[in-house]
Amino acid sequence: MVFMSRFTGKYLKKNRVFKDPITGIEFIFVKAGCFQMGDITEIGDEDEKPVHEVCIDDFYMSKYEVTNEQFRRFKLDHNSGSYKGLGLNSPMLPVVNVSWYDAEAFTKWMSQMTGIKYRLPTESEWEYAARGGAKTSRFWGDNPNDACAYANVGDKSAKTYFLDINKIHDCDDGYKSASPIGRFKPNGFGLHDMLGNVWEWVLDWYGDDYYAKSPRKNPKGPQTGETKVIRGGSWYNEPKFVRLSIRDALDPLVKDFNIGFRVVFTSVKK
């Protein structure tokens with residue numbers, strides 16, 4: 001059964017929030033715009049450069065990271081597991097231990113069930129949405145030690161349990177590991193956990209020199225590659241890795257304790 005007749009372009013244009021009828025995932029409308037993508041504060045790595053202007057069309061992004069409960073509507077037996085004795089499998093925690101292919105399969109299943117073309121965000125969509133209009137290293141500003149009001153990061157709570165975490169954020173967010181979605185302040189677009197909690201798979205293949213040749217309009221990354229991009233950092237990470245322009249790359253088959261994803265779809269035109 002598909003539900004496309006219920007979700008016409010007119011309906012979507014009038015509503016800035018949307019709830020998927022099968023999974024319950026909530027979406028926020030992200031209005032088209034242009035921004036400076038990359039290491040605008042000049043504290044990042046070489047693959048975050050050069051800074052370049054990117055223009056993005058309208059789209060809808062999930063307000064939160066996909067949860068265990070939502071993912072299990074697709075794969076009933078999925079187990080996000082635990083990390084060093086702390087459980088990661090509760091219903092409202094972000095789903096982890098999913099590969100890029102698992103995340104992609106979830107979006108295809110959602111599309112088949114609803115008739116809406118869901119997918120992973122492109123890397124440029126992700127950074128545009130994560131910034132929420134910010135021109136700083138984090139969406140709350142440049143001070144990493146202000147993180148704990150806005151993101152679940154490697155902090156004092158995590159350090160008390162995971163002694164191998166070295167450089168922490170000098171604050172306490174109250175969570176030793178992953179937190180339930182939506183426990184921290186949103187960014188300027190109303191999106192939660194865009195930094196911290198879990199890294200997020202995006203659609204693009206990784207290219208360390210891609211920014212130098214990226215098109216201005218809706219870039220989609222290299223056409224081929226060996227690794228897929230992850231963005232945003234996690235509850236386990238030090239300040240260097242919890243920034244808006246940080247990017248990393250992994251084999252799309254990898255499953256890890258602090259990698260999840262979120263979902264987007266493009267605005268339907270009248």
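## The open sheet

Five strands line up here as an open sheet, in the order E1-E2-E5-E13-E8, with antiparallel pairing. At the edges sit strand E1 (17–19) and strand E8 (118–119), each pairing on one side only. A word on terms: strands count as paired if DSSP finds at least two bridges between them, and the numbering of helices (H or I, at least four residues) and strands (E, at least two) follows the DSSP runs from the N terminus.

Look inside the sheet and you'll find strand E5 (residues 59–62) running antiparallel to strand E13 (residues 264–266), joined by 3 bridges. Met 61 has Val 264 in E13 as its bridge partner. Helix H4 (residues 123–131) packs on this sheet and touches strand E2 (26–30), E5, E8 and E13; a contact here is heavy atoms within 4.5 Å. The direction of H4 makes about 75° with that of E5, using lines fitted to C-alpha atoms (for helices over the stretch in contact) and angles from 0 to 180 degrees between N-to-C directions.

Residues are numbered from 1 along each chain as its sequence is written, and side-chain values use heavy atoms, with hydrogens and water left out.

The chain averages a pLDDT of 93, and 93% of the residues score at least 70; pLDDT is the predictor's confidence in each residue, from 0 to 100. Residues 1–11 are another story: pLDDT is below 50 there, though the stretch has 24 contacts in the model beyond near neighbours in sequence. Where pLDDT is low, the predicted coordinates should not be read in detail.

Strand E9 (residues 199–205) is mostly covered, with 5 of its 7 residues buried. Buried means under 20% relative accessible area, exposed over 50%, and partly exposed in between (1.4 Å probe, protein chains only).

E9 runs parallel to strand E12 (residues 259–261), with 3 bridges between them, and Trp 201 stands opposite Phe 261 in E12. E9 also runs antiparallel to strand E10 (residues 228–231), again through 3 bridges; here Trp 205 faces Lys 228 in E10.

## Helix H3

Helix H3 (residues 100–114) has 15 residues and should span 21 Å, which agrees with its end C-alpha atoms being 21 Å apart. That expected span is 1.5 Å times one less than the number of residues.

Among the buried residues of H3 are Trp 100, Phe 106, Trp 109 and Met 110. The buried residues of the helix pack against E2, helix H2 (68–71), E8, E9, E10 and E12. After H3 comes Gly 115, with a positive phi near 85°.

E3 pairs with strand E4 (residues 52–56) in the antiparallel sense over 5 bridges, and Gly 33 stands opposite Ile 56 in E4.

Now back to H4, where Ser 124 is found. Ser 124 counts as buried because its relative accessibility is 1%. Its contacts include Phe 35, Met 37, Val 54 and Ile 56, leaving out residues up to four places away in sequence.

Definitions and conventions. This is a predicted model: local features need pLDDT of at least 70, side-chain atom pairs count only at pLDDT 80 or more; totals for chains, interfaces and linings use all residues.
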